[in-house]
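Please examine the model shown below. The questions that follow concern its pocket and its surface.

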Amino acid sequence: MNKGLWVVQALLGVAFFMAGMMKATTAPAELVANGMAWAEGMDPMLIKFIGVSEIAGALGLILPSALRIAPKLTPIAAVALAVVMVLAAGTHGMRGEFGAIVANAALGGLALFVAWGRWSKSPIAPK
């Protein structure tokens with residue numbers, strides 16, 4: 001279980017870090033041109049906030065557990081990322097972008113799996 005959780009944490013960490021960096025550093029018009037239609041008409045500061053939140057969540061999935069410094073932050077980060085995915089699914093739903101909801105559900109479900117696993121099944125002890 002521990003190894004499986006680490007694999008999921010690493011994959012989610014990479015996915016959220018890359019997505020967050022793109023949102024935090026790319027102009028909204030360029031995001032739209034690269035297939036992120038939801039960014040059209042969105043406040044640029046909100047897009048950057050979402051990106052920074054995803055970066056923080058990605059780091060929270062990995063660093064507390066890897067360093068064994070406050071490892072209880074890992075399931076908290078996982079739950080926070082699941083909430084971000086619920087909000088993203090709502091945004092996509094309102095815009096009629098139902099295909100994107102599948103990805104939101106998958107990422108959110110994996111994040112909840114990490115939260116459950118690190119909270120109860122295979123917690124990591126602090127130093």
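**Pocket and patch**

By class, 17 nonpolar, five polar and three charged residues make up the lining of the largest pocket. Ala, Val, Leu, Ile, Met, Phe, Trp, Tyr, Cys and Pro count as nonpolar, Asp, Glu, Lys and Arg as charged, and the others, Gly among them, as polar. This is a predicted model, in which local features need pLDDT of at least 70, side-chain atom pairs count only at pLDDT 80 or more, and totals for chains, interfaces and linings use all residues. Residues are numbered from 1 along each chain as its sequence is written, and side-chain values use heavy atoms, with hydrogens and water left out.

Q: Which element gives the most to the lining of the largest pocket?
A: The elements that give two or more residues to this lining are α1, α3, α4 (73-94) and α5 (98-121); helices are DSSP runs of H or I with at least four residues, numbered from the N terminus. With six residues, the element that gives the most is α4.

Q: Is L67 buried, partly exposed or exposed?
A: L67 lies in helix α3. Buried means under 20% relative accessible area, exposed over 50%, and partly exposed in between (1.4 Å probe, protein chains only). Because its relative accessible area is 45%, L67 is partly exposed.

Q: Which helix gives the most to the nonpolar patch?
A: α1 (2-25) and α3 (44-67) each supply at least two residues of this patch. With three residues, the helix that gives the most is α3.
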